[in-house]
Amino acid sequence: MDTISLIEALVDRPLLCDGAMGTQLQARGLKPGQCGEEWNVTAAARVEDVHRRYVAAGCDLITTNTFGGTDVALARHGLAARGREFNEAGARVARLAAGPGRWVLGDVGPLGELLEPWGTISSATAGRAFRDQAAALLAGGADVILVETMSDPQEAAIAARGAREAGARLVIATFAFQAAGDGFRTMMGATARECVRAAMQGGASIVGANCGTNLSLADYVRLGRELVEAAEGHPVIVQPNAGAPRLVNGAAVYDESAVELASCVPKFLAAGVRVIGGCCGTTPEHLAAMAEAMRRHAAGDRG
Ligand SMILES: [Zn+2]
């Protein structure tokens with residue numbers, strides 16, 4: 001799909017992004033610690049099945065299974081040399097499942113290491129890693145690059161810039177926040193305003209939040225409002241977790257039901273958020289309920 005038409009489509013109506021990928025793959029046999037991106041090559045049918053469930057749920061935007069697809073992140077699995085292959089295959093399988101009328105977001109997550117001066121990764125190394133990943137995603141058929149779950153505004157800016165240099169015509173950037181006082185900050189201490197500014201300076205045109213730490217659904221709505229204010233007219237995306245997690249035997253469990261998540265859809269829209277989706281703990285069932293809530297909202301039933 002034409003990337004310009006995504007911005008145009010957003011003027012007409014809000015769009016629905018998809019939900020979690022990692023937990024869906026685990027439900028299909030991916031072991032904890034295993035490289036999920038490798039499945040784009042070795043178990044593509046299972047990845048495609050997850051995409052197809054989100055398409056059937058009514059999602060407009062389908063996100064590739066390439067969150068840890070930079071060579072820096074893949075190096076932790078000893079698979080840095082396979083980056084091009086995994087990312088291209090990930091974009092191809094998402095494109096195939098998305099079909100016409102939907103956009104494929106080439107997913108780019110954080111490097112998982114701190115940049116200099118806090119860590120050892122130089123901006124040049126980071127820039128190269130993000131550019132290479134974006135180039136492979138675009139070659140495989142991604143329409144847009146989604147830079148997501150960022151904590152460091154500088155890293156997000158480098159990722160967005162790398163995507164633009166690789167030829168992406170549209171970049172979306174989202175950050176993971178936690179509640180801090182009366183507002184929100186990322187793990188690196190950045191405010192919504194600082195994140196939005198950095199992402200846009202890097203070349204992102206749609207900005208927002210995904211995932212996050214211990215945020216209730218009401219927090220996500222407040223965060224959405226704060227982001228809309230900070231974005232000054234640019235479209236805002238929010239992809240909440242299925243509520244704040246509770247720990248069960250060391251594992252995070254997300255309890256908010258599809259009905260509860262769907263009940264937030266009108267609140268997000270009233271706050272001015274234009275793209276809504278899901279992060280940790282969300283399933284095709286959650287997204288189907290959210291799609292229905294969007295349809296009801298569009299039909300004028302605000303109750
Ligand atoms: Zn998440």
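Let's start with helix α7: its buried residues are A126, A129, F130, R131, Q133, A134, A135, A136, L137 and L138. Buried here means 20 or more other C-beta atoms within 10 Å of the residue's own, with 12 or fewer counting as exposed, anything in between as partly exposed, and C-beta atoms placed from the backbone. This is a predicted model: local features need pLDDT of at least 70, side-chain atom pairs count only at pLDDT 80 or more, and totals for chains, interfaces and linings use all residues. Numbering runs from 1 along each chain as its sequence is written. Helices are DSSP runs of H or I, at least four residues; strands are runs of E, at least two; both are numbered from the N terminus.

What covers those buried residues? Among the elements are α5 (71-74), α6 (83-98), β3 (103-108), β4 (144-150) and α8 (153-165). Contact means C-beta atoms, placed from the backbone, within 7 Å. Just past α7, G141 has a positive phi of about 115°.

Next, a helix pair. Helix α4 (residues 44-57) packs on helix α12 (residues 284-298) at about 20°, axes 8 Å apart. So α4 is roughly parallel to α12, a term for angles under 35 degrees. R53, Y54, A56 and A57 of α4 meet P284, L287, A288 and A291 of α12. That contact has 7 nonpolar, no polar and 1 charged residues. Nonpolar is Ala, Val, Leu, Ile, Met, Phe, Trp, Tyr, Cys and Pro; charged is Asp, Glu, Lys and Arg; the others, Gly among them, are polar.

Last, R222. R222 sits in helix α10 (residues 217-231). Its C-alpha atom is 9.5 Å from that of K267, 45 residues apart along the chain.

Technical notes. Contact = placed C-beta atoms within 7 Å. Axes fitted to C-alpha atoms, helices over the stretch in contact; angles between N-to-C directions. Parallel < 35°, antiparallel > 145°, perpendicular 65-115°, else oblique.
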